[in-house]
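Trainee: Could you walk me through reading a few features of a model? I'd like the general idea, then the case at hand.

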Amino acid sequence: MVYDIDLIEYIYQHYPQKIDIIRQKLGKPLTLTEKILYAHLAQGENLKAYKRGEDYVNFSPDRVAMQDATAQMALLQLMNSGRKRVAVPSTVHCDHLIQAYKNAHDDLIIAESNNQEVYQFLRDVSNKYGIGFWKPNAGIIHQVVLENYAFPGGMMIGTDSHTPNAGGLSMIAIGVGGADAVDVMAGMPWELKMPKIIGVKLTGKLSGWTSPKDVILKLAGILTVKGATNSIIEYFGEGAQSLSATGKATICNMGAEVGATTSIFPYSQKSADYLIMTGRQEVVDLANTLIDCFNPDPQVLVQPTEYYDQFIEINLSELEPYVNGPFTPDLAYPISQLAKAVNEHHYPDNMEVGLIGSCTNSSYEDMMRAASVIDAANQLGLTINAKLIVNPGSEQVKYTSKRDGILTHFEQAGAAIMANACGPCIGQWRRDEVVDEHKNSIVTSFNRNFAKRNDGSPNTYAFVCSPEIVVALSIAGKLSFNPLTDTLVNNKGQQVKLPEPTGDELPKYGFAVDDAGYVEPIADGSQVEVRIAPNSQRLQQLLPFSPWDGKDIIAQPLLIKATGKCTTDHISMAGKWLKFRGHLDNISNNMLIGAVNAFNQQTNSVLDAQTRNYTEVPALARKFKAEGLGSIVIAEENYGEGSSREHAAMEPRFLNVKAIVVKSFARIHETNLKKQGMLALTFIDKSDYDKVREDDKISITGLTDFIPGKNLTLTLHHSDGSLDSFAVAHTYNQAQIDWFKAGSALNKLKQEVN
């Protein structure tokens with residue numbers, strides 16, 4: 001079945017003419033990124049050379065994808081939009097709420113029981129508004145999108161930061177907050193700052209233990225977690241042509257870890273092979289007539305430094321396997337240097353768990369290459385010395401892998417086969433072994449490894465690598481093991497060396513599946529009633545946020561001055577809190593509980609200046625709110641890095657936080673704050689952060705003359721009567737200022753609809 005073939009035909013019909021007009025108007029050869037972005041300018045948007053990294057531009061994406069954790073809040077907002085049916089094809093994927101514990105069968109029964117209320121809500125809203133629904137265990141959103149919806153030259157937004165996975169099939173796919181998704185589902189233009197473009201030329205060819213994952217792991221070490229903020233990474237070169245479609249998707253997926261808006265590869269024969277194998281010959285027949293549209297112009301390839309804002313070259317033939325971590329995905333170690341790092345930094349060498357899966361590495365190719373290492377180890381008389389957990393990417397991947405005997409290798413090695421869901425990657429992992437919080441190492445094929453993300457323990461050192469390296473290290477049971485050079489002792493006392501992994505990019509006998517897990521929405525959902533129980537602890541009707549009162553912010557207390565990394569995991573934890581994603585009041589009890597207080601270096605412990613006692617962050621915010629006060633949050637670099645969860649913006653808004661003032665923001669989170677009517681400000685002089693004292697009252701003035709490009713003024717009222725006053729910057733354009741004044745983007749949308 002080819003989903004949305006009529007839409008794809010319509011989009012492709014005028015693509016060549018559009019590209020010709022864009023090239024003429026811009027007066028230069030085009031990158032692939034430019035072709036797709038400019039081809040998706042919103043109706044009425046002026047076709048001109050927008051300034052990269054500066055100009056805000058309105059686009060019209062072709063579709064929307066949502067996972068079940070973020071879909072709850074997105075759909076609650078959609079219900080308040082006044083819309084009767086979604087304006088573009090949209091889907092919901094139930095992949096986040098299944099906790100990994102025993103095995104797929106048992107865990108799924110528990111998940112369907114515990115989350116029945118939420119699943120029914122998502123299904124009802126999907127039926128009412130014409131949204132495709134993918135049942136629990138159907139698969140991880142990005143793998144399912146790649147298998148069914150991604151198409152060359154398309155543009156998609158998704159309420160998950162790893163939406164760029166679809167870039168492996170030459171689609172501009174961008175992670176957003178739920179309010180952005182509502183705009184597009186409601187037929188409104190979607191706004192984005194025109195990204196810069198980073199060109200990455202891949203030469204040579206992968207071999208041996210090296211995999212596509214190692215490309216992005218190396219790049220993460222080069223760019224760091226914020227090096228690609230407000231940029232799209234565009235890959236090209238003969239090395240790019242040699243990678244499988246799922247391998248390219250892996251690279252695009254993890255581009256989120258360097259802050260990239262998205263990543264993309266040109267359309268190639270590998271793209272066509274994957275589309276055909278997943279039943280989309282019709283898309284290939286159309287795309288093959290538009291190959292020039294889905295590749296950069298030849299002049300760009302000849303002189304890449306002339307057309308990209310930054311240029312990087314990676315030789316795949318010289319690339320080593322990488323292992324990145326712990327606690328940040330950009331701490332990159334070539335495998336040859338990992339043992340030295342383990343020794344120097346005293347990382348726990350004893351590896352306790354190896355985890356394979358996640359939206360980043362759960363394709364058929366990933367499963368087969370990892371299984372080949374297990375099979376080889378078995379034949380050599382080796383056993384696995386770490387617990388092994390596998391989360392297949394989709395029911396189609398799992399069914400085909402089982403048919404082809406791949407899962408048998410894992411099962412015979414004692415691996416636990418979990419549901420086709422995110423599981424441990426997002427903290428949905430019940431890991432009893434770390435109750436005592438002993439220091440331990442785990443190695444995953446995931447994308448993120450922030451402290452406490454996977455199992456809730458601050459003493460779990462998580463490292464990220466390819467599935468085949470996960471297996472190799474699990475067999476050794478040692479983080480310091482290098483399968484390229486080291487040997488192991490088998491059951492006969494012999495020194496043996498693991499052979500290089502092998503595997504097919506695509507199944508020789510095609511993909512197969514009994515029930516993919518898709519539920520098509522009914523034709524007319526106008527009579528569907530969406531019920532939310534008044535006493536529900538999982539779901540809560542959304543009330544509109546109040547509009548701006550027309551006044552400056554005067555002498556509001558500091559809530560927390562956070563130090564160090566403050567990701568969306570720190571601001572709004574996942575794990576056990578996922579169950580409250582549809583209940584804003586309840587989930588607000590996790591607001592900033594993971595942020596480290598700069599004054600006492602503790603989490604969830606902030607000073608109540610009135611009582612002089614330390615209390616929990618949400619409790620203090622609620623106290624201020626009950627007293628009619630707001631509060632201010634201060635933080636450091638790349639605030640809001642990580643998952644796209646808009647709860648990290650909605651919770652402060654709900655608890656009456658007036659402004660977030662930081663050294664710098666991660667892209668998605670800054671947008672999420674703006675969408676919820678929050679003030680997102682940055683220190684012009686980053687040393688001003690140091691002036692903030694624990695019991696300060698804070699004023700922000702200039703709001704009565706709030707216009708684009710004009711700084712506001714922040715004044716610190718210290719308890720000794722002294723003042724510090726300085727300018728703070730913002731990136732609000734006029735539309736975003738209108739959101740602030742209306743109380744939220746959704747409030748503004750309702751005004752326009754009505």
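Trainee: How many residues of helix α8 are buried?

Mentor: Keep in mind that this is a predicted model. A residue counts as buried when its relative accessible area is under 20%. In helix α8, which spans residues 178-185, eight of eight residues are buried, so the helix is mostly covered. Among them are Asp180 and Asp183, along with Val182, Val184 and Met185. Just after α8 comes glycine 187, with a positive phi of about 85°.

Trainee: Now the cysteines. How many disulfides are there?

Mentor: The test is whether two cysteine sulfur atoms lie within 2.5 Å. By that rule there are zero disulfides.

Trainee: Why is cysteine 465 too far for a bond?

Mentor: Because its closest cysteine sulfur, in cysteine 425, is 13 Å away. Cysteine 566 is in no disulfide either: the nearest cysteine sulfur, again that of cysteine 425, is 20 Å away. As for accessibility, cysteine 465 is buried at 0%, and cysteine 566 is buried with a relative accessible area of 2%.

Trainee: What does the side chain of serine 441 reach?

Mentor: The backbone oxygen of proline 348, at 2.5 Å. Look beyond the neighbours within four places in sequence, and serine 441 is in contact with Pro348, Asn350, Met351, Glu352, Val353, Tyr461, Phe463 and Leu479.

Conventions. Residues are numbered from 1 along each chain as its sequence is written. This is a predicted model: local features need pLDDT of at least 70, side-chain atom pairs count only at pLDDT 80 or more; totals for chains, interfaces and linings use all residues. Side-chain values use heavy atoms; hydrogens and water are left out. Buried means under 20% relative accessible area, exposed over 50%, partly exposed in between (1.4 Å probe, protein chains only). A polar contact is a pair of N or O atoms within 3.5 Å; within protein, one must be able to donate a hydrogen and the other to accept it, and residues adjacent in sequence count only if both atoms are side-chain atoms. Contact means heavy atoms within 4.5 Å. Helices (H or I, at least four residues) and strands (E, at least two) are DSSP runs, numbered from the N terminus.
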